[in-house]
Amino acid sequence: MKRVSSHVSLASEAEINLDLSRLIIDKPRLGLGLERKRSFDEQSWSELSHRQNDGFDSVLQSPAFPSGGFDSPFSVGTHFGGGGPRPLVNEAWEALRKSVVYFRGQPVGTIAATDHASEEVLNYDQVFVRDFVPSALAFLMNNETDIVKNFLLKTLHLQSSEKMVDRFKLGAGAMPASFKVDRNKNRNTETLVADFGESAIGRVAPVDSGFWWIILLRAYTKYTGDVSLSESPDCQKCMRLILNLCLSEGFDTFPTLLCTDGCSMIDRRMGIYGYPIEIQALFYMALRCALQMLKPEGEGKEFIEKIGQRLHALTYHMRNYFWLDFHNLNNIYRYKTEEYSHTAVNKFNVIPDSIPDWVFDFMPCRGGYFLGNVSPAMMDFRWFALGNCIAIVSSLATPEQSVAIMDLIEERWDELVGEMPLKICYPAIENHEWRIITGCDPKNTRWSYHNGGTWPVLLWLLTAACIKTGRPQMAKRAIELAESRLLKDGWPEYYDGKAGRFVGKQARKFQTWSIAGYLVARMMLEDPSTLMMISMEEDRPVKPTMRRSASWNA
Ligand code: GLC
């Protein structure tokens, strides 16, 4: 049951109409006009960061969506205006259910892949935090909320395990990359064993896990209307510990988060160390989610203030220095170097000769994107899917930037989507560059895996971005491409090649997030109101209180 709060004010009719025109494609499945409230994400974070106990908690109780109405194997709905590939959806649900991992009789997550044909299991038999996100969203949309709650609670408890890499202790807030259930048949016991990077290939701690955890906690809260979980002392503490890792003061001159290579979905050396867009976008989104859930009492207050300040600086930095469009590219091309002082135009001393040739062809007249990375004398011009889509759904991108990102995807459809959505990054690095940047990684050869490979899981993020920017037809086109191959190919982890035509060299089959990503994409397109679970509105500056001018009464 979802709780309805009487404290929230209804959104104005104009706001609702605006949202509807942006969101609805076929026909509304829910009575949005009646049900939607001015939810917490429509408030400004600057407003929230200054809030005291001002009824915010009751705002949180606002149900994002009324129950029921979601398409699942157990309910019949419209699919793209009538007949959809029902068997495909059923197969996907069946495969997703087979991937569920149980701990002491309770569902706690989904295994990364159930590819029995593959000789090497590695850690694909574990529940990955990032991989579970699309599964969780699919389960939530199907009103199966327990597995999500259990997952959040189990990973929260794992946070307090001892985290050592050899003799070095990790920060208390670190969240696991993955975990597995250890079964002792003799003693008939089960324990959860987490990997914080100490067993992972490359020994990298996942910076994204904590952010995804916060984002998922908000999605759960928003969907179920159950605030008791996010308000519990354990969840509040977990959030604070995660935030503590990224909000502490140091030598930073930038508000972005400094990371090592391989600390996110791209978990191998791919030249993304520094300030990768994927982490910056997730960081921004997690900060905004946390701001909505942190209680202003006790230690929470200090975090709320810090988040407000950081968001202010991060938004400015990202929107200005990471943004690339035709105009900016031309400016960078004409940059002077060695500029000293506050008046410098080329603040990071980027040498124009370092702009790769491909960008000049890739950049359309209309469109733009967030760069892969920006640091002193370094701009990674590669386009990354996850960071750009998250920038749209979290409103890190301004509305104009969001439109431009989608314009670019449309203009460069052949390169970024081709025969299967969606390229993890573009373009691939080759030859000498590949040797230097990946350390000769045979898994990351050009147009494969993380190096310009195609990942079906990204379909849900593309769909979310399409819906948010009012381009459902684009999502539909991408979903149809995925449908033509995914089941037939056995739900591969990734595809290879410039157009994403070939099942990846070492791709697992029955990769859970490929399955869940597809389901989420379809469900979101069928019921665009579900987007609100993971989307945030553009932050609005605090409106000054209207006062009568002194001359009014004069
Ligand atoms: C690969 C991916 C990573 C994913 C894991 C489990 O290592 O790079 O992002 O979480 O597989 O599917």
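Residues are numbered from 1 along each chain as its sequence is written, and side-chain values use heavy atoms, with hydrogens and water left out. Because the model is predicted, local features need pLDDT of at least 70 and side-chain atom pairs count only at pLDDT 80 or more, while totals for chains, interfaces and linings use all residues.

The ligand comes first. Several polar contacts (pairs of N or O atoms within 3.5 Å) can be followed here. The side chain of Asp131 places an N or O atom 2.5 Å from an oxygen atom of the ligand. Met265 takes part through its backbone, with an N or O atom 2.7 Å from a ligand oxygen. For Tyr449, a polar side-chain atom is found 3.4 Å from an oxygen atom of the ligand. On its own the ligand has 300 Å² of accessible area, and the protein covers 96% of this; such areas come from the Shrake-Rupley method with a 1.4 Å probe.

Next come two helices. Helices (H or I, at least four residues) and strands (E, at least two) are DSSP runs, numbered from the N terminus. The axes of helix 6 (residues 129-141) and helix 7 (residues 146-158) come within 9 Å and cross at roughly 150°. Axes are lines fitted to C-alpha atoms, for helices over the stretch in contact, and angles run from 0 to 180 degrees between N-to-C directions. Helix 6 and helix 7 are therefore roughly antiparallel, a label for angles over 145 degrees. Val129, Phe132, Ala136, Phe139 and Leu140 of helix 6 are in contact (heavy atoms within 4.5 Å) with Ile147, Val148, Phe151 and Thr155 of helix 7.

Finally, the backbone deserves a look. Most residues other than glycine have a negative phi, and most peptide bonds are trans. Arg104, in the loop between strand 1 (100-103) and strand 2 (106-110), has a positive phi of about 50° although it is not a glycine. The peptide bond from Pro421 to Leu422 is cis, with omega near 0°. Another cis bond, with omega near -10°, runs from Tyr426 to Pro427.

Technical notes:
Parallel < 35°, antiparallel > 145°, perpendicular 65-115°, else oblique. Polar contact = N/O pair within 3.5 Å; in protein donor to acceptor, adjacent residues only side chain to side chain.
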